[in-house]
Amino acid sequence: MVDIASIKSRAQSLEDDITQTESEIKRLNARLSSRQSELRRLFDTCTHVWDQVRSTPIRTGGYLVEGDPPGVGGIDRRLPMYVSATETPCWTRTCVKCGKVETTESSRSETRQVPRF
Ligand SMILES: [Zn+2]
């Protein structure tokens, strides 16, 4: 026999928990947003002193894509294929005062004249 009163009671308790959790999430999201704004303000007011720029390339390893298993034929049969490893140039710098870390994949070419004797 189903005890409707018990089910309704548990449903109400569950609903209360959900309401309380949603309320807490809303409050924590507001707090997070406020703290992120404060952090941005602190970074923005820092007169950054950048440490030496480090090269931090983004590397992805090569891998093998298995082809179709033996026995599969036809014009659309896929053969095994090796996907080469890649390396994307990237640079990172850190502010020695506030600890802000910046990374970039953007660069510009620079030509220098060096005296030759
Ligand atoms: Zn700084």
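## Ground rules

Helices (H or I, at least four residues) and strands (E, at least two) are DSSP runs, numbered from the N terminus. Residues are numbered from 1 along each chain as its sequence is written. What you have here is a predicted model: local features need pLDDT of at least 70, side-chain atom pairs count only at pLDDT 80 or more, and totals for chains, interfaces and linings use all residues.

## The overall picture

The protein has 1 helix and 7 strands, and from the N terminus on they run α-β-β-β-β-β-β-β. The radius of gyration, taken over C-alpha atoms, is 29 Å, well over the 13 Å that the globule rule gives for 117 residues, so the protein is more spread out than a compact globule. (That rule is 2.2 Å times the number of residues to the power 0.38.) Along its principal axes, the C-alpha trace spans about 100 × 65 × 20 Å.

Burial goes by counting other C-beta atoms within 10 Å of a residue's own, with C-beta atoms placed from the backbone: 20 or more is buried, 12 or fewer is exposed, and in between is partly exposed. On that scale, 0% of the 117 residues count as buried. As for contacts (C-beta atoms, placed from the backbone, within 7 Å), take those with a separation of 6 or more: residues 24 or more positions apart account for 58% of them.

Helix H1 covers residues 4-45, which makes 42 residues. From its first C-alpha to its last it reaches 61 Å, close to the 62 Å expected at 1.5 Å a residue, where the expected span is 1.5 Å times one less than the number of residues. H1 is hardly covered, with 0 buried residues.

Strands of a sheet pair through backbone hydrogen bonds, either parallel or antiparallel. Here 3 strands form an open sheet in the order E1-E6-E7, with antiparallel pairing. Strand E1 (54-55) and strand E7 (101-104) stand at the edges, each with a single partner strand, so one side of each is left without a neighbour in the sheet. Two strands count as paired if DSSP finds at least two bridges between them.

E1 and strand E6 (residues 91-94) pair over 2 bridges, and Ser55 stands opposite Trp91 in E6.

Thr92 lies in strand E6. Thr92 is partly exposed because 13 other C-beta atoms lie within 10 Å. Leaving aside neighbours within four places in sequence, Thr92 is in contact with Arg54, Thr56, Val101 and Thr103. Thr92 and Arg31 are 61 residues apart in sequence and 30 Å apart in space, C-alpha to C-alpha.

Asp68 lies in the loop between strand E3 (63-65) and strand E4 (81-83). Asp68 also has 13 other C-beta atoms within 10 Å, so it is partly exposed. With neighbours within four places in sequence set aside, Asp68 is in contact with Arg77 and Arg78. Asp68 and Arg78 are 10 residues apart along the chain, and their C-alpha atoms are separated by 5.4 Å.

Definitions and conventions. Contact = placed C-beta atoms within 7 Å.
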